[in-house]
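Please look over the structure below.

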Amino acid sequence: MALLQSQQVLEALKRSQHPLICVPSGANADQYATALGFSKMLKKLEKQPTIVAADGQPSKNLQFLSGSELIEPTLQKLRQFVIALDASKTKVDELSYETKDDKLFIYLSPKKGFWDTKDVRTSTSGYRYDLIICIGSADYESCAQLYRDNPDFFFRTPVINIDHSPENEYYGQINVVDLTASACGEVCYELLESMAADLLDEEIATAFLTGMIANTKSFRTNNVTPKTLQTASKLMAKGAQREQIVQHLYRTRSIPTLRLWGRALARLKADEDTKLVWTMLSQQDFMHAGSDETNLPDVIDELIATSPQAEIAVLMYENAEQNICAIIRVERPLDAIALCAKFHAVGRREEVRLCFLHDSLARVEQELIDHLKAKRKTGS
């Protein structure tokens with residue numbers, strides 16, 4: 001008899017010792033928070049999880065969730081190169097190494113006698129991680145450089161795919177995709193409840209509820225269902241700190257963030273015909289606001305909140321390297337990846353990022369906004 005999906009997940013987790021939780025490019029608060037909650041659950045199963053995120057650390061308003069500082073931006077030490085030396089007859093007395101002309105030389109000094117080439121074998125170790133858990137990734141490509149730099153690892157390692165998006169391509173060996181859920185946090189709560197409900201504690205419940213509140217704008221979006229509200233109630237009954245979540249997500253805008261938002265608001269433009277809003281920030285704006293790029297997610301959130309009729313919101317900014325970048329967020333059924341394919345944007349269908357090397361804000365504004373207007377008018 002085939003195992004239920006939740007049982008399949010539990011068995012896969014039990015067999016794993018070093019699972020990897022993968023957060024995609026362009027991840028939102030739901031995906032980060034859910035990854036943190038899932039990691040805490042794995043630790044209760046006595047596993048050693050690692051979270052790696054294509055975009056690195058989450059925004060500051062999520063750093064109240066413990067463990068967020070441990071999220072890694074790259075896959076490190078994925079495999080090891082092994083040199084095996086037969087020391088049964090001749091023991092090692094000293095080991096040293098040096099680098100010359102981009103080559104590594106390793107020197108072994110025997111206590112007596114010598115070694116021959118037949119005494120040395122080389123090999124490559126297995127992968128550091130034995131299971132991949134993708135949170136909110138529609139496909140492998142959503143993991144950006146994590147996948148591009150290590151495709152063999154993704155194909156040779158079992159994958160649990162957790163998502164709620166209708167765009168998901170069901171690429172995992174186990175696919176936990178609930179299209180009726182409002183957030184990955186809701187999907188993971190339902191999974192945990194049917195798999196091992198006794199593992200749910202206050203920290204895990206808070207992380208999952210954080211994802212749900214962030215993804216539904218505090219339960220105000222049209223993807224909220226009666227089941228969503230029931231799940232939120234169950235998480236709060238388990239100790240989820242709703243007030244703490246709301247405080248950090250919506251009530252802790254720093255003075256530098258508010259200054260930066262004021263500068264963005266001063267340049268806010270809109271096109272009613274295409275339901276498009278956009279604004280720009282220069283390096284001078286960051287400097288005068290005493291802010292940096294880590295506050296941009298808050299700015300784009302405010303841009304959406306103050307433009308309820310908009311279906312496309314664009315935030316263009318000059319980064320520290322003086323390149324012009326943009327964050328584009330859209331409302332469904334629009335697809336940000338398709339809209340911005342010309343610019344090789346990376347991210348997910350709801351939000352993408354792109355950069356123009358050594359350009360100006362004025363030229364990028366004209367090219368990008370004209371492109372988006374044309375795409376909207378033609379419906380392509």
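In what order do the six strands of the open sheet lie? The order is 10-11-12-13-15-14, and the pairing is mixed. Strands here are DSSP runs of E of at least two residues and helices are runs of H or I of at least four, numbered from the N terminus; two strands pair if DSSP finds at least two bridges between them. Strand 10 (269–271) and strand 14 (346–347) each have a single partner strand, so one side of each has no neighbour in the sheet.

The model is predicted: local features need pLDDT of at least 70, side-chain atom pairs count only at pLDDT 80 or more, and totals for chains, interfaces and linings use all residues. Residues are numbered from 1 along each chain as its sequence is written, and side-chain values use heavy atoms, without hydrogens and water.

Contact means heavy atoms within 4.5 Å.

The protein chain as a whole has 13 helices and 15 strands. Its C-alpha trace spans about 85 × 55 × 40 Å along the principal axes. Of the contacts with a separation of 6 or more, 66% are between residues 24 or more positions apart. Buried residues make up 49% of the 380 residues, where buried means under 20% relative accessible area with a 1.4 Å probe, protein chains only.

Conventions: Buried < 20%, exposed > 50% of the residue type's maximum accessible area, 1.4 Å probe, protein only.
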